[in-house]
Amino acid sequence: KISMEIAIPDENKIMDWEATEDGISVFNEVVFDGLTMNELASKLDKSLTSTLTGTGIIYAETSIKYGVDPYLMVSISLLETGCKWGCSYLTRECNNVGGMKGTPTCPGTSFRQFDSLEEGIEAFITNISNNYYKKGLTTAELMANKYANGSTTWATKVNNYFNSVKAK
């Protein structure tokens, strides 16, 4: 088996190329941090437990689609949901992974309810893309005042998760 990395100039992408014994070439697009989509999803899955188990592919695909850092998206979700130990009511019952408010509401709260976990993850990432990234707020430190109402510990906590997610 021969393996090599080639750059595709027209699309400014890096692809992994493999020639196998039967002559079939396989192209795996590197999408983030030197990883293919499946490798990224697998890496994210190592940090996603409880209700979020197996959602790495949703985080990976949606983050790449909206141009946000998937490690940061998972890190914020882990802090907001408590899913490192056992997910919050909002996550378990209402598929809300980012503490988003809105309607329809999760029973007994002012937080938004989503029909599926995939819908909740996509809404969360879309919100971060539109209301933070596109406004230059691309790190936990830059997001803290707006996202966490000026919390002095939120960015540090997110960054602790970030370092753990990235290291796995």
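Visitor: Which helices do the buried residues of α7 pack against?
Guide: This is a predicted model. In it, the buried residues of α7 pack against α1, α3 and α6.

Visitor: Which residues of α7 are buried?
Guide: They are W154, A155, V158, Y161, F162 and V165. Their directions cover an arc of only 125 degrees around the axis, so they sit on the same side of α7.

Visitor: What does the face of α7 turned away from its buried side carry?
Guide: That face carries N163 and A167, which are exposed. Exposed stands for over 50% relative accessible area.

Visitor: Now α6. Which of its residues are buried?
Guide: In α6, residues 140–147, the buried ones are A140, M143, A144 and Y147. They cover an arc of only 120 degrees around the axis, which places them on the same side of α6.

Visitor: What do the buried residues of α6 pack against?
Guide: They pack against α3 (70–81), α5 (117–131) and α7 (154–167).

Visitor: What follows α6?
Guide: N149 follows α6, and its phi is positive, near 45 degrees.

Visitor: And α1: which residues are buried there?
Guide: In α1, residues 37–45, they are L40, A41, K43 and L44. The arc is only 160 degrees around the axis, so these residues too lie on the same side of their helix, α1.

Visitor: How far is A41 from E61?
Guide: The two are 20 residues apart in sequence, and their C-alpha atoms are 8.1 Å apart in space. E61 belongs to helix α2, residues 56–66.

Visitor: Why is E61 called partly exposed?
Guide: Its relative accessibility is 44%. Buried needs under 20%, and exposed needs over 50%. E61 at 44% falls in between, so partly exposed is the label.

Visitor: Why is S77 called buried?
Guide: S77 has a relative accessible area of 0%. The cut-off is under 20%, so S77 counts as buried. S77 lies in helix α3.

Visitor: What makes the pairing of S77 and Y59 a polar contact?
Guide: Their side chains are joined at 2.8 Å. The limit for such a pair of N or O atoms is 3.5 Å, so the distance qualifies.

Visitor: Which residues does S77 contact, leaving aside neighbours within four places in sequence?
Guide: S77 is in contact with Y59, G82, V97 and F124.

Visitor: How many disulfides does the structure hold?
Guide: It holds 2 disulfides. Counting bonded cysteines along the chain, the pattern is 1-2, 3-4.

Visitor: How do you know that C83 and C87 form a disulfide?
Guide: Their sulfur atoms are 1.7 Å apart. The cut-off is within 2.5 Å, so the pair counts as a disulfide. The angle about the S-S bond is 125 degrees, and the link of C83 and C87 is right-handed. Both C83 and C87 are buried.

Visitor: What makes C94 and C106 a disulfide?
Guide: Here the sulfur atoms are 1.6 Å apart. Within 2.5 Å is the requirement, so C94 and C106 meet it. C94 lies in helix α4, residues 89–94, and C106 in the loop between α4 and α5, so the pair ties together parts 12 residues apart in sequence.

Visitor: Why is the disulfide of C94 and C106 called right-handed?
Guide: The torsion about its S-S bond is about 65 degrees, so the disulfide of C94 and C106 is right-handed.

Visitor: Are C94 and C106 buried or exposed?
Guide: C94 has a relative accessible area of 0%, so it is buried. C106 has 0% as well, so C106 is buried.

Visitor: Finally, the protein overall. In what order do its elements run?
Guide: From the N terminus on, they run β-β-β-β-α-α-α-α-α-α-α. The protein has 7 helices and 4 strands. Of its 168 residues, 39% are buried.

Key: Residues are numbered from 1 along each chain as its sequence is written. This is a predicted model: local features need pLDDT of at least 70, side-chain atom pairs count only at pLDDT 80 or more; totals for chains, interfaces and linings use all residues. Side-chain values use heavy atoms; hydrogens and water are left out. Buried means under 20% relative accessible area, exposed over 50%, partly exposed in between (1.4 Å probe, protein chains only). Helices (H or I, at least four residues) and strands (E, at least two) are DSSP runs, numbered from the N terminus. The arc is that of the directions from the helix axis to the C-beta atoms. Contact means heavy atoms within 4.5 Å. A polar contact is a pair of N or O atoms within 3.5 Å; within protein, one must be able to donate a hydrogen and the other to accept it, and residues adjacent in sequence count only if both atoms are side-chain atoms.
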